[in-house]
Amino acid sequence: MRRRTLLKWISGCLATLCASVVGIPGVSFVLQALRKSGSDGDRVRRVARLKDLPVGKPVAVPILGAREDAWTVHPDEVLGRVWLVRRKAEAKEGAEATTQVAAFSATCPHLGCAIQHDAKENRFQCPCHRALFGLDGERVAAKKGVQKNPSPRAMDLLECRLVTDETTQEVWVEVTFQKFEQGLTKRVLKA
């Protein structure tokens, strides 16, 4: 074997080794991201007992769950918050049950600030740019002479349902937690 052939062979092996050191973790990162994308979108969480929700008064509840970053899993972290508004006093199962409680994302659709409840006016308000929403989540038009409502759409309504706990027989509210893009006129799920 000639010296040039040996050097070409050694440099080829070193190049392959260097490429695999960079390539294998890169490929595993991409594959892991593809596997996660389908399961991470919707998170159904049991958030509150129905009897703890007063009729017509919004209640903010946190959505808890596991959050992952790089190599660390953070169990029981706050993933987001929702506003629950109970519309009726009676608790029935079936088709009517889902209309008794409305769940809204507490993230403003304008720029993502945390929406607060204005108890004096009995409505929702974003403190960042003064976007106003009614208890039904719809945008409230500003009064004459006041800055117009900057929110491009109503509060994001989340799917919720009432379920009865099998052991305690208490009625609970379950919410399908989703995050949406801000600044758009239509709801688009965050990737």
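**Figure 1. Order of the secondary-structure elements in the predicted model.** From the N terminus on, the elements of the protein follow the order α-β-β-β-β-β-β-β-β-β-β. The protein thus shown is a predicted model, and its elements comprise 1 helix and 10 strands. Of the 191 residues in the protein, 30% are buried.

**Figure 2. Close-up of the positively charged surface patch around Arg2.** Four residues, Arg2, Arg3, Arg4 and Lys8, gather on the surface as a patch of positive charge. Arg2 belongs to the segment that precedes helix H1, which spans 3-37. The relative accessibility of Arg2 is 67%, and this residue therefore counts as exposed, the cut-off for that class being over 50% relative accessible area.

**Figure 3. Close-up of the nonpolar surface patch that includes Val22.** A nonpolar patch on the surface is formed by Met1, Leu6, Trp9, Ile10, Leu14, Leu17, Val21 and Val22. Together these residues have about 900 Å² of accessible area. Val22, one of the members of the patch, is located in helix H1. With a relative accessible area of 63%, Val22 is exposed.

**Figure 4. Close-up of the aromatic pair Trp83 and Phe124.** In the pair of Trp83 and Phe124, the ring centres are 5.2 Å apart and the planes stand at 55°, so the pair is classed as tilted. An angle over 60 degrees would be required for the edge-to-face class, and one under 30 degrees for the stacked class. Trp83 is part of strand E3 (residues 72-86), whereas Phe124 is part of strand E6 (residues 123-125); the pair therefore ties together parts that are 41 residues apart in sequence.

**Figure 5. Close-up of the aromatic cluster and the burial of two of its members.** Trp83, Phe104 and Phe124 make up one aromatic cluster. Trp83 has a relative accessible area of 10% and is buried. Phe124 likewise counts as buried, at 0% relative accessibility. Both values fall in the buried class because its cut-off is under 20% relative accessible area.

**Figure 6. Close-up of Arg139 and Arg153.** Arg139 is situated in the loop that runs between strand E7 (132-133) and strand E8 (157-158). The relative accessible area of Arg139 is 40%, and the residue is accordingly partly exposed. Arg139 and Arg153 are separated by 14 residues in sequence. In space, the C-alpha to C-alpha distance between Arg139 and Arg153 is 6.8 Å.

How values were computed. Residues numbered from 1 in each chain as written. Predicted model: local features only at pLDDT ≥ 70, side-chain atom pairs only at ≥ 80, totals over all residues. Heavy atoms only, no water. Patch = residues over 30% accessible without salt bridge, like charges linked within 9 Å, V, L, I, M, F, W, Y side chains within 5 Å. Areas by Shrake-Rupley, 256 points an atom, 1.4 Å probe, with all protein chains shown as cover. Salt bridge = Lys/Arg side-chain N within 4 Å of Asp/Glu carboxyl O. Lys, Arg positive; Asp, Glu negative; His and termini not counted. Charge placed at Lys NZ, Arg CZ, Asp CG, Glu CD. Helix = DSSP H or I, 4+ residues; strand = E, 2+ residues; numbered from the N terminus. Buried < 20%, exposed > 50% of the residue type's maximum accessible area, 1.4 Å probe, protein only. Phe/Tyr/Trp six-rings, centres within 6.5 Å; stacked < 30°, edge-to-face > 60°.
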